[in-house]
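Dear colleague,

I am handing over the structure below, together with a summary of what was found in it. Please read the notes with the coordinates open beside them.

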There are 2 protein chains.
Amino acid sequence: MVTTGAVSSGGAGAPSKGALTPRADDFPRWYQDVVARAELADNGPVRGTMVIRPWGYAIWEHLQAALDQRIKAAGAENAYFPVFIPEAFLKLEAEHVEGFSPELAVVTHGGGKELEEPVVVRPTSETVINHYFAKWVQSHRDLPLLINQWANVVRWELRPRLFLRTSEFLWQEGHTVHATEGDARDYALRILRDVYVDTMTQVAAIPVLTGHKTARERFAGAIRTWTCEGMMGDGKALQMGTSHELGQNFAQAFDIRFSDTDGNLRYPWQTSWGVSTRLIGALIMAHGDDFGLRLPPELAPQQAVVMVARDGEGVQRAAESLVADLTAAGVRVVLDDRTDTGFGRRSVDWELKGVPVRVEVGPRDLAEGTVTMVTRHRREKASVAVGAATAAVVTALGSVADDLRAEAVAFRDARTVDVDDLAGAIDAGASGFARVPWAVVGQEGEQQLAASSLSVRCLQRPDGSLAASDPAGGDVAGGDTG
Amino acid sequence: MVTTGAVSSGGAGAPSKGALTPRADDFPRWYQDVVARAELADNGPVRGTMVIRPWGYAIWEHLQAALDQRIKAAGAENAYFPVFIPEAFLKLEAEHVEGFSPELAVVTHGGGKELEEPVVVRPTSETVINHYFAKWVQSHRDLPLLINQWANVVRWELRPRLFLRTSEFLWQEGHTVHATEGDARDYALRILRDVYVDTMTQVAAIPVLTGHKTARERFAGAIRTWTCEGMMGDGKALQMGTSHELGQNFAQAFDIRFSDTDGNLRYPWQTSWGVSTRLIGALIMAHGDDFGLRLPPELAPQQAVVMVARDGEGVQRAAESLVADLTAAGVRVVLDDRTDTGFGRRSVDWELKGVPVRVEVGPRDLAEGTVTMVTRHRREKASVAVGAATAAVVTALGSVADDLRAEAVAFRDARTVDVDDLAGAIDAGASGFARVPWAVVGQEGEQQLAASSLSVRCLQRPDGSLAASDPAGGDVAGGDTG
């Protein structure tokens, strides 16, 4: 199946300082407002770069932890390769250099002198890593070789949007070497399923469609690109992570060979795969509402905030005691006792930042032995007995991710239609996903979709399973936010 | 007190492929051999850069975890600032640009075009971070502002040595803003003690001297640089981490001002502090022996290896069972059942890699109900009943760090002498540390020491305490490995 949809024009202008722009009025502007007002990120001084502020970075740290644990469970080991790559390396794989040349940052001077050979700042690390794989891989005993790195990469960006498209971003990139094409494909799909889909759906609570990209959309140098596609709050698609089968392209370009069990020298098969700080953009757009971020608890820098609503008899003590109990219960919790700032303003700020549960402790409630608990994602208030508050918060946190995921699934499904021709796809793609047989699209249809600012997001088997072979049936098309 | 010592010339040539070069024969060559043979790192394709291989990177991950936990406990939050800094930013602080200009890498082209203004790859991030601090700091309520980032930095290096001096390295850099000079100094010292000294001595098991640098040696732009100095296995000093008081230099250069409680606009006081992948070099040189690395368990990628010595009745099963028990006991353990490779060669490799405890399971021992346990740091063998092996390994791991630390303290103390003149310092500095009164050294003496390839490592109070004021008494001088 194929997904198409409108390419957003990207937001512009400075974020508003009052309330957030309503999502329905101007989604890109709403996005910018949330990024600024929730103090997630700021534009860097060099065009297209990004400052990730503590609230945004803490979300990234929790994403990293979830991903890193799964990457290690899949057998890959972390390593680190240089940020500088000799320009000549890039040129060894023809498609790769063609794909990345327009986006390169080039260092021409180092240590006060002009360099004899310019070096590029890595846009991705296939070339430098495969240079080393050629040394490390000698025998079938060295395979599979499974390496991952956490790093910054640079791709010069003319239409930057914070988290979604920035000249520098943070990511992980996996690079592996296998004896057979089947092993490589299995591993590329294992990463897609066990690392990416699992983190996106279970941790980030964002449902994703999986499939592979068309030739037009695949990674420069790959023979097949598998992708995870999410639907954002405007009905458009975001590519959230990709896992590539590289075939033997880089092995041949970098002369990586291994002796098989019979002693014959053979080229191995490879994969590479990555997800980036773009996932923070996905979280904002998939779950955010007109009041700001809504965060699944596993990724929330703080899972709960205990607010001293206003000063009064025993209020501070009760709030501190609740913070201690919640901490003991394993909840990441912060105390907000800044009573010199208005209660309303502080509440709005915690909503903006997406803290899943707020507990308000005030003198009047407390006199009656209760506190007020507010869930961020549903904005539901409940009066809870002081002694039952910790258990109530833990219970409330337990259902947030499921609720957010169910909401996102329902939203996506309501905006996904099955169509049987290109006109239907173009019509539906304006506000969501169209599932359309690839047979009626094809490369020519793909160009027509592009003319309507729609793109083929992924090719799927009719039953949605991840297929090694080309899909026999319908595919999905959707809008492109990223 | 001052420490002086010989500056090493740096190693050269390719690592040997047979046994390690003995430390006593050629320490720099031994170092290179260990880095290569233990598969810690490799030279990058661009001069001075470094590939950190999985074994080396896993050590870094454990160091990061130990440091990050302590940094957060000290109240700092992680964030991320761009790798590219406008050249003009560097020039805003006069000493800073003078110090870093010779080491800069400069990007002149991006996205296929020549840039209007060249950008530098960050050598450190004071300038770009303070540009943002000027926006974020408005009121005394915003202080202290405590930020840390984990990042790669680039300082063009003409005499690279893996981990110790590389053109690109990984580090953390903390940047803070305080209302008063006293608050800033207290925080710089808190980081030195509670984060750096604690990690170095308790986790890495390397004793360090603390004190502050002379004007000649301090960070470009700081008013005072506090330092941790370790003695390596050749008797030379390595600067392992620094914490700087920046005074108001950057606040003035970047116009960071806050309104105090009386509403007056004032310049705040700042600190910055960092440790890097150089710490891996310190681990190698402080603890390594002629058989390779010796790792304290908290930093060891694997804390134990269970080796199937050779195939035989029940051996594989017993080894796997032991691995399961050790894992359940919280030990990071790996099974080595590669019996197609000689037992001796595998043992040598695990010694090289510094795995703290080796358990050898062989058919003959097993028939008698025992396995052989070998501690890496003392190379002591013991026969242990199979049923008692897990407890024995856990007990053995429990004393490794203490043993390594005690050894390093004894080594350092044996090579540290008190002298009362420059000639004595020069004599002693050739093989260790000399403690000499700063009054008999001074700036002129410091130049004479430099002529003997010795440097003043740190200024201490006579009682070793961290003094805010200039030291009254003797100081320490030592050799420079870094």
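**A helix on a sheet in chain B**

In chain B, helix α9 (residues 315-328) lies across the strands β16, β17 and β18 (357-361), and runs at about 170° to β16(B). Helices (H or I, at least four residues) and strands (E, at least two) are DSSP runs, numbered from the N terminus; axes are lines fitted to C-alpha atoms, for helices over the stretch in contact, and angles run from 0 to 180 degrees between N-to-C directions. The model is a predicted one, in which local features need pLDDT of at least 70 and side-chain atom pairs count only at pLDDT 80 or more, while totals for chains, interfaces and linings use all residues. Residues are numbered from 1 along each chain as its sequence is written, and chains are lettered from A and ligands numbered from 1 in the order in which they are written.

The sheet itself is open and has 5 strands in the order β17-β16-β18-β19-β20 of chain B, with mixed pairing (two strands pair if DSSP finds at least two bridges between them). Its edge strands, each pairing on one side only, are β17 (333-336) and β20 (380-385) of chain B, and the twist from one strand to the next averages 20°. Strand β16 (residues 304-308) of chain B runs parallel to β17(B) and is joined to it by 4 bridges; within this pair, B:Val306 has B:Leu335 in β17(B) as its bridge partner.

**Two helices of chain B**

The helices α2(B) and α6 (residues 181-203) of chain B pack at an angle of about 145°, and their axes are 9 Å apart. Where they meet, B:Ala66, B:Leu67, B:Arg70 and B:Ile71 of α2(B) are in contact with B:Asp194, B:Val195, B:Asp198, B:Thr199 and B:Val203 of α6(B) (two residues are in contact if their C-beta atoms, placed from the backbone, lie within 7 Å). The residues of this contact divide into 5 nonpolar, 1 polar and 3 charged, where Ala, Val, Leu, Ile, Met, Phe, Trp, Tyr, Cys and Pro count as nonpolar, Asp, Glu, Lys and Arg as charged, and the others, Gly among them, as polar.

**How the two chains meet**

Between the chains, 42 residues of chain B are in contact with 42 residues of chain A. Among the elements that give two or more residues to the chain B side are α2 (54-73), β7 (113-121), α5 (126-136) and β9 (168-178), but β6(B) gives the most, with 6 residues. By class, that side has 26 nonpolar, 10 polar and 6 charged residues.

Strand β6 (residues 105-110) of chain A runs antiparallel to β6(B), and 5 bridges join the two; A:Ala105, for example, has B:Gly110 as its bridge partner in β6(B).

Chain B is superposed on chain A by a rotation of 180° with 0.0 Å of shift along its axis, at an RMSD of 0.0 Å (copies are superposed by least squares on the C-alpha atoms of residues with pLDDT of at least 70 in both). That is the relation of a two-fold axis. The same surface serves both copies, as 100% of the contact residues of chain B recur in chain A. Of the residues of chain B, B:Val107 comes closest to the rotation axis, at 2.1 Å (C-alpha).

**Domains of chain A**

Chain A is divided into domain 1 (3-287) and domain 2 (302-352 + 356-409), with bounds that come from an automatic or database domain assignment. Their centres, taken over C-alpha atoms, are separated by 37 Å, and 8 residues of domain 1 are in contact with 6 residues of domain 2.

With best regards
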